[in-house]
Amino acid sequence: MSDEPAHVLLIEDNPGDADLVRLRLVESSSDLDVSCVDRLSAGLESINQHQPSLVLLDLNLPDSRGAETFRKVLNKAPGVPIVVLSGQDDEELANKAVHQGVQDYLVKGDFDSKQLSRAMRYAIERQSLLRSLDMSRQQQLKFKDEFLSHVSHELRTPLTSIHQFATLLLDGLAGELNPEQREHLATIYRSANQLRTMIGDLLEATRAEGGKMTVEPRCVRSSDMIHEALAMLRATAQEKGVGLEAGIDSRVPLLYADPDRVSQILVNLVENGIKFTGPEGSVMVKAYLVDADPDFVYISVADTGRGISPEAKSLIFERLYQDPNSIDNSRKGLGLGLYISKELVRLHGGRIWVESELGHGSVFTFTLSLFSLPKILLPVITEAGQLKESLSLVAVQLTPFCNPHVGNWEATRQTCLQLIRACVLPDKDIVLPSLSSGAQGEVFTVVASTDEHGARIVAERIQERLELCRQLKPSCAFRVSSLGLQLPTDRIGKSLEKLVQEVADDITRWLAQGLQPIHISGEQPEMDKSERGAKHNKRGQNE
């Protein structure tokens, strides 16, 4: 212990028991600072203000009883040792308490000052030892992750060379190959691709473990992502004789998700389904709504394969786990795909699980949030509990010059997004999550708290910034347009939430109609820079 007196928090509602414990503490040591409260709520508040060295806890309090009492204290202060003082000699409850993190369990009236002192001392020492072990474990994990990350990065350069030269030889660019040579090179090529996948998974898992994995949610359609994933794996499935099918509920609206990350999840799950399904089997991907969970869409990947054992089901999402009963030719990875998928689903605010029986296939299901525009719009389009009088839309449509995209399209769209955000007023305008559109480009939509005239000024400001950006010119064309929103006129008897929903519905219709640019009501004459500057100033004065 430090030079300061150890701070002991006693949570006990019986005054007689509290006095007895205080007496035992005084008898055992004078170097203690003891505070006593008679409610769990007061104890949790005391922990919040001054974390104690140890908690002496009665389980039956006026505002909490039984195991729930120590669980609440453990959640509030996971690093503080707890000694339970109970009036019941309950062996089952004592075992449960110790297994869940309590350091000791004493029965009132059965301990003297020496026993209490020893229990407290051992509790503090054991908790300190647990902290040391946890720190050591964290350091080992950090070292392991750094090592794996370093090795993975170092392996990528020679592996890229192997892949490139194998491709060059297979394409016949270095001369003709005889059938035997082509077969050997094809084996090298397949192995290099498999190793590249493993290294990519190692790097992703390391980022996930370090909290560095990120997602960028956008407005997306589940059908687009599902069809894209199935198209990527259709050749693999056909080669094995496995059928791929999609069943998408037409009622599923736009989702709020990162399309690249969701595609990664789907490819992992569908690829596993193909891997563990025999010829003449099938893999079905579905997207559907569940009435009991209206804020999420459910996406499932069902196969007719061999199924998963009950023991494996509880471990299958763990890092580096591989089912020991899987057949040898199906174990071509490191056991990281499902772990990465679980982390990506978690980052989206969803959950993932598996249902399976041996011999009857498996169904992996995960949830994604539906796109809720009213929640995003509410703080921007309302003021003083009322809908604002003027709202407009500004649309920025990016179209790549080449299909497929040449260069880093993600860097291009991020540059465009940053420029747009720099052109709007954070407290008055909002840049909506973009509507992902694959090869056709993307549309970014700004909801501006201004009339049609002010929206044109915002559009011109964005147009100028995009035209001046050298990074965008070689890779894409852009079109900026604006439109004044027709706000609800019949507001009598409607709640603010209802009015916001009506505005959101109008905007959602534009978002869901594909990537047609928003029409400008009347073409505006070309303006010189002085006119544009004057309009910029006018909007600033109006706002």
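Guide: What follows is a walk through confidence, salt bridges, cores and a pocket.

Guide: This is a predicted model, where local features need pLDDT of at least 70 and side-chain atom pairs count only at pLDDT 80 or more, while totals for chains, interfaces and linings use all residues. Residues are numbered from 1 along each chain as its sequence is written, and side-chain values use heavy atoms, with hydrogens and water left out.

Visitor: How do you know which parts have the highest and lowest confidence?

Guide: By pLDDT, the predictor's confidence in each residue, from 0 to 100. The protein averages 80, and 87% of the residues score at least 70. Strand 10 (residues 296-303) has the highest mean, 95, and helix 15 (residues 529-542) the lowest, 40. Helices (H or I, at least four residues) and strands (E, at least two) are DSSP runs, numbered from the N terminus.

Visitor: Over which residues does pLDDT stay under 50, and how many contacts beyond four places in sequence does the model have there?

Guide: Residues 327-331 are one such run, with six of those contacts; residues 514-543 are another, with 54. Contact here means heavy atoms within 4.5 Å. Where pLDDT is low, the predicted coordinates should not be read in detail.

Visitor: Why is Glu68 with Arg71 called a salt bridge?

Guide: The rule asks for a side-chain nitrogen of Lys or Arg within 4 Å of a carboxyl oxygen of Asp or Glu. In this pair the closest N and O atoms are 3.4 Å apart, so Glu68 and Arg71 meet that rule. The two are three residues apart in helix 3 (residues 67-76), which means about one helical turn separates them.

Visitor: What makes Arg456 buried or exposed?

Guide: Buried means under 20% relative accessible area, exposed over 50%, and partly exposed in between (1.4 Å probe, protein chains only). Arg456 has 15%, so Arg456 counts as buried. Its salt-bridge partner Glu452, with closest N and O atoms 3.4 Å away, is at 28% and therefore partly exposed. Both lie in helix 13 (residues 452-468), four residues apart, about one turn of the helix.

Visitor: How do you know that Glu502 and Lys494 form a salt bridge?

Guide: Their closest N and O atoms are 2.8 Å apart, so the pair falls within the 4 Å cut-off. Glu502, at 22%, is partly exposed, and so is Lys494, at 29%. By this rule the count comes to 10 salt bridges, and Glu12, Asp17, Asp58 and Lys108 are linked in a network of them.

Visitor: What makes a set of residues a nonpolar core?

Guide: The members must be buried Ala, Val, Leu, Ile, Met, Phe, Trp, Tyr or Cys, joined through side-chain atoms within 4.5 Å. The largest core here has 45 residues, and Leu266, Val270 and Phe366 have the most contacts inside it. Helix 8 (residues 259-275) gives the most to this core, with seven residues. A second, separate core has 23 residues, including Leu9 and Val73.

Visitor: Which residues is Val270 in contact with, leaving aside neighbours within four places in sequence?

Guide: Among them are Leu230, Leu244 and Val301.

Visitor: Which element gives the most to the lining of the second largest pocket?

Guide: Helix 14 does, with five residues. The lining has 23 residues, and among those nearest the centre are Leu254 and Phe371.

Definitions and conventions. On a 1 Å grid over the protein atoms alone, a cavity is a set of points where a 1.4 Å probe fits but cannot get out, and a pocket is an open set with protein on both sides within 12 Å along at least five of seven lines; lining residues have an atom within 4 Å of a point.
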